[in-house]
Amino acid sequence: MTHDPSTSPLIDGPERTALRSAVADFAKRRSSEKTDPDALWAEAGKLGYLGVNLPEEYGGGGGGIAELSIVLEELGAAGCPLLMLVVSPAICGTVIARFGTEAQKRAWLPGIADGSKRMAFGITEPDAGSNSHRITTTARRAPGGGWLLTGRKVFISGVDISDATLIVGRTEDARTGKLKPCLFIVERGAPGFSYHHIPMEVAAAEKQFEVVLDEVELPAEALVGDEDAGLLQLFAGLNPERIMTAAFALGMGRHALAKAVEYARVRQVWKEPIGAHQAVAHPLAQAHIELELARLMMAKAAHLYDAGDDARAGEAANMAKYAAAEAAVKAVDQAVHTLGGNGLTTEYGLAKLITAARVARIAPVSREMILNFVSHQTLGLPKSY
C-alpha cells in the first residue's frame, strides 16, 4: 500500500492546503492595499479566518489550533500579521470553548469568531514575571455572591480594542487557605477596571497596556470554568499561546526571507547577481531550513493539542515557540544583512523587524525559561529555581 503523505499531521492535507492558499491570497492582496489592522481584522472575520479553531455551533470553523496557526503564519508571511489572533481566538476563545458555561459560550464565541468582539488576556504582573505562582491579583467573594477582583497586570496586548479581558487571578482555597489560579471575564467598562498605555519601541499596530483592577465587582458568572481546576484551564490557554507565537514568528521570518531572496536574485554589483555568491546564498538557505524545521515542530505541537494530549502538547509547544523564535531572529538578521544599507531603509521595511523578531524570544515566555522547562521536565535534570 502506498503511503499518502497528506495523512501526516505534520503535512497539510487538502483542506489545510486550501486554507493556506486562500489566506495567503487574501493577505497578499490586503498587504498591497495597506489596509489598516481594524479593517483587516473585520474582513478576516467575515471570511471565517478568525474563528477557524472554534466550534461550529458557536459560529466557528470547527477546526483547531493547527488551522488557526496557518492563518496567522500566512498573514505574517505577507507582512500583515494580526497579533490579537494569538490572544482572542487562540487563548480566550479556546478556554471559553473548553471550560465556559453555555451562557459564556453564547455571549462571546460567535463575536470572537466573526471579529465583532475581541478579548484580551491578562496574566503578566510587574513583580511576577515568568513565575505565575507569584501572581498577586486576587479575587474574594462579594457579599452578593459575586467576586471582588484586585491587582495589576502589565504588557497586556490590545486592551483598548477589546471588549473584555480574560484575567488570571487567584482565589483562596477554603480547605488549605492557599491561593489557587482562576480565570475571570472582565468587561472593559467595569467600574474599577482601568488601563494605561505602555510606550514600546516595537513597531506593532497592537499597543501594550498596564491594567489596574481596583476592587472590580464581578457577577458570579464572570468566573470561567471550575474554581478548583484553574491550573488545568490556564494551561489550556497557554499552550495555544505558545503555538500561535511560533506561527507569528514563522510568518515574520518567511516575510523577511522572501524580501532578501528577491533582492539577492536581482541585485547586481559585479558580473552576477549577489545571490550567486555562496556567502550570500548559503546563509539564506540555512535560514529557510531552520524556518521549515520550526514549522514541523509547530505542526506537531498543534496536532498534539488538537488531539487532546495536553501533557505532550505542552512540551512540544514550548519547543516550537523556542525554535520558531530563534529561526525568525536569524532570518531577519540575515535578510537585513543581505540588503546592506537598503535593509535599514523604510522602503524595504526590514529594520523594524529586528526588534519585532526578538519579541518572540521574550514573550510569552523567555527562551531561558523554555530551556529550564525542557531540562527538568524532558531531561529529568534538577531544578535550579
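**Cores and strands**

Tutor: The largest nonpolar core has 94 residues, and those with the most contacts inside it are Leu-75, Leu-85, Phe-121 and Leu-166. Such a core is a set of buried Ala, Val, Leu, Ile, Met, Phe, Trp, Tyr and Cys residues joined through side-chain atoms within 4.5 Å; buried means under 20% relative accessible area (1.4 Å probe, protein chains only). Helix α6 (residues 230–266) supplies the largest share of this core, 16 residues. Helices are DSSP runs of H or I with at least four residues, strands runs of E with at least two, numbered from the N terminus.

Tutor: This is a predicted model: local features need pLDDT of at least 70, side-chain atom pairs count only at pLDDT 80 or more, and totals for chains, interfaces and linings use all residues. Residues are numbered from 1 along each chain as its sequence is written, and side-chain values use heavy atoms, with hydrogens and water left out.

Student: What does Leu-166 touch?
Tutor: Its contacts (heavy atoms within 4.5 Å) include Cys-92, Met-119, Phe-121, Phe-184 and Val-224, not counting residues up to four places away in sequence.

Student: Why is strand β3 largely enclosed?
Tutor: Eight of the 11 residues of β3 (residues 147–157) are buried, so the rest of the structure largely encloses it.

Student: Which residues stand opposite Leu-148?
Tutor: Arg-140 does, and in β7 the bridge partner is Glu-217. Strands β2 (residues 138–141) and β3 pair antiparallel over four bridges; pairing requires at least two DSSP bridges. Strand β7 (residues 208–218) runs antiparallel to β3, with eight bridges.

Definitions and conventions
Buried means under 20% relative accessible area, exposed over 50%, partly exposed in between (1.4 Å probe, protein chains only).
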